[in-house]
Amino acid sequence: MSNCSESRVLEFYRGSTVLLAGGTGFLGKTLLEKILRCLEVRKIYLLIRTKRGCCGEERLKAILEDRLFDRVRKPELIAKIVPVEVDYAEKDFGLAPGLTCEIRKEVEIVLYCIATVKMMAPLKETVETNVFLARRMLRWCRTFPRLQAFVFTSTFYCNFDKEICEEKVYKELPFGSYDIVMNMMKHLSAEECEQLKSTILQKFPNTYTFSKRLAEIMIETEFGQTLPIAIYRPPVITPTCREPMLGWTDNSYGPVAFVKSFWDGLGLVKYENARVKCDLAPIDYCANAVLICAFDVAEKGRGCSDLCVPVYNHHITVTMSNCSESRVLEFYRGSTVLLAGGTGFLGKTLLEKLLRCLKVKKIYLLIRTKKGCCGEERLKAILEDRLFDRVRKPELIAKIVPVEVDYAEKDFGMAPGLTCEIRKEVEIVLYCLATVKMMGALKETVETNVFLARRMLRWCRTFPRLEAFVFTSTFYCNFDQEIIEEKVYTELPFGSYEIVMNMLKHLSAEECEQLKSTILKKFPNTYVFSKRLAEIMIETEFAQTLPVAIYRPPIITPTCREPMLGWTDNPYGSVAYIKSFWDGLGHVKYVDSRAKCSFAPVDYCANAVLVSGFDLAEKRLVGSAPCVPVYNHHSNTTNTTFGELTSSFGDSRKRFWDWIIWKYCWISTSFIWLMYLNVILARIKDFIAMWCPGSKPAHKYYYRWSAYWFMAFSQSVGFVAFRSWKSVSNNLKRAQCYLSERERQILFTDLDEIDMREYMSGQVDEAIQYLECENKRRYRK
């Protein structure tokens, strides 16, 4: 982020004291070298056992002679290492009381890499090292007053039985419960454990993966609430890739085993599937990942993050070889969808996409009577839009069932028979209903964006076949977070959720307006406040009882790829800036020209909603966590600033003077009052238009209205345009990875692939066409 320090991770480690357990192993040595070479820590306590008659000092000396440490073999760096000779069988690990007290007082970061990696070692021995020793270490670290992060290294394969390995602790064991297994492992002899091994392990391939699953459950169960702890899961660890040299290793496992077989001339037959994609991670990448995990878990602790233990899968997310070729398409094929808000910008795009690409059985389209037009008439008018040119076929249109609703009535004003039919049939609900007036009245905005959504969710709770309910929120409802994570933030600026909901329910519209500044406080407008409140409502009241997910788009802009470039049905987002130039009133912009813009084309957003619905249903099938899944649709890598975006509009102009004016004749400002310069120019244009023969503006004071409209729009979204946003946006990317190649072409969601300047330039002509049509409609009135 533009306001972040350039070296947050480096600052986190600078001057810190680290305890490294397992520092004599493959990963441990690499971590030790990396910390010495790159991180200005104050001290490293290195736990090291006596082995084969060599004391800790002698073992450290031998380790440092390895060529891995060639670049750090300097007195001032080596002096930072404090070898701590331990005996893990003894109380306090055999440490002297004075040294124990010193470590407790000083240590801030613990990196735990101790493990026996013998795959088929005896069960008792493996569990003693990988579980019980880890538990003793964690209990000891619980007494460290300055502890900020404890990173436990597990393995990606301890959850081998999951088709999709999520970043959470899986608590299922093949035999008994966690307490029973831990009790058995503690009291049974080694021989008795071996006799029961096949019963206890069952489908687990070896004792190593079983012990790591057990260790993860132990951490979640006993230390999740009391320690700043994280679990890091690497795949097969391989020799170094980049640092401090290519190919360093200290063991013959991983790909080195295959190299050895060839080197020995014995690699003619391999026990493998040559078509299966391999999961490997170079050891230097793994060391970096451990260090980043420690920083992140400390940050989560400061930010009062979720209580569950953070898990970090270090895995190449490629399309799985055993995935169906059309899992998403199969999910929607033959399904019945309820679309709420289908007459809006995103809703229309979703409707067109469902008809064109997904072979759904039926679409119930909730539609209100508006301006004297009934639901059938409004649907007919909607389908005349050129957006639907490719789906205007009788067999496709027949799938749409317009459902006329009155949201103020019980059961939304539907007949009992139709209500019953919808309840029985609907499997997927896509909810895009909202008022997007940024500065709308508080009571009105909350009524639509929160209370109506709650009524809809309560109704959907009665749907026996419901598999997914996707609620469209906004990325900016968490504007007060430095980095927006994929979770529901339950903080409100005034009172608690229950108090605010009760107040807004019983107070009149006038009373709500009187209290608006008190209730909203730092929130920039009623829209983002209502969306935060709606998210909390969903998490609080429906997380346990409904398959519901929250989709968070940024500013939604015209189509980028499908069914055409530049389609829109409103003058907001990027179209507002185009309109300002088109009206000749865009010379002053209320933006930070250096801030990076966060936009998402509406066709990408529609795809994201559909993928979120599929992923939510999949999560329910595999028994995922009860918290509401959140899908941030945001790119952290976009480099296009508001200044570059605005200039890119000029690239679309063919006439020289248009190109000059659109590209260069504008300024950005942080003072909203400077936009009155646009108003002054608008008054002059209105005066000229009144006396100029043949001039036909949309109405008498069109330019003045346009200048004030652009000022109001700029003010309402100003909080977006003066900041470069950062997020954690993993869920959509993870879901996208399990789509087949064909599905990726159909359901594209990746914002990083868009050339933003080319896209913005390309949409200008289509936006102008829309604006001309709107002006003709106004002129006819």
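Colleague: In this predicted model, what percentage of the contacts between residues at least 6 apart in sequence join residues at least 24 apart?

Modeller: The model is a predicted one. A contact here requires heavy atoms within 4.5 Å. Of the contacts in the chain between residues at least 6 apart in sequence, the share that joins residues at least 24 apart is 83%.

Colleague: How many helices and strands does the chain have, and what is its radius of gyration?

Modeller: The chain has 31 helices and 20 strands. For 781 residues the globule rule gives 28 Å, and the value for the chain is close to this, so the chain is as compact as a globular protein of that length. Its C-alpha trace spans about 105 × 60 × 60 Å along the principal axes. The radius of gyration is 30 Å.

Colleague: What percentage of the residues count as buried?

Modeller: A residue counts as buried when its relative accessible area is under 20%. The accessible surface of the chain comes to about 35,000 Å², and 55% of that surface belongs to carbon and sulfur atoms. Of the 781 residues, the share that counts as buried is 55%.

Colleague: Which residues does Leu504 touch, not counting residues up to four places away in sequence?

Modeller: Leu504 is one of the residues with the most contacts inside the largest nonpolar core. With residues up to four places away in sequence left out, Leu504 touches Leu442, Lys443, Val446, Phe451, Cys512, Ile519, Phe529 and Leu533.

Colleague: How many residues apart in sequence are the parts tied together by the salt bridge of Glu108 and Arg146?

Modeller: The side chains of Glu108 and Arg146 meet in a salt bridge, at 3.3 Å from N to O. Glu108 lies in the loop between α5 and β4, and Arg146 lies in the loop between α6 and β5, so the pair ties together parts whose separation in sequence is 38 residues.

Colleague: Is Glu108 buried or exposed?

Modeller: The cut-off for a buried residue is under 20% relative accessible area. Arg146, the partner of Glu108 in the salt bridge, counts as partly exposed because its relative accessibility is 42%. Glu108 has a relative accessible area of 9%, so Glu108 is buried.

Colleague: What is the relative accessibility of Glu427, which meets Arg465 in a salt bridge?

Modeller: The side chains of Arg465 and Glu427 meet at 3.3 Å, N to O. Arg465, at 43% relative accessibility, counts as partly exposed. Glu427 counts as buried, and its relative accessibility is 9%.

How values were computed. Residues are numbered from 1 along each chain as its sequence is written. This is a predicted model: local features need pLDDT of at least 70, side-chain atom pairs count only at pLDDT 80 or more; totals for chains, interfaces and linings use all residues. Side-chain values use heavy atoms; hydrogens and water are left out. A nonpolar core is a set of buried Ala, Val, Leu, Ile, Met, Phe, Trp, Tyr and Cys residues joined through side-chain atoms within 4.5 Å. Buried means under 20% relative accessible area, exposed over 50%, partly exposed in between (1.4 Å probe, protein chains only). A salt bridge is a side-chain nitrogen of Lys or Arg within 4 Å of a carboxyl oxygen of Asp or Glu. Helices (H or I, at least four residues) and strands (E, at least two) are DSSP runs, numbered from the N terminus. The radius of gyration is taken over C-alpha atoms; the globule rule is 2.2 Å times the number of residues to the power 0.38. Accessible areas come from the Shrake-Rupley method with a 1.4 Å probe; for residues, only the protein chains shown count as cover.
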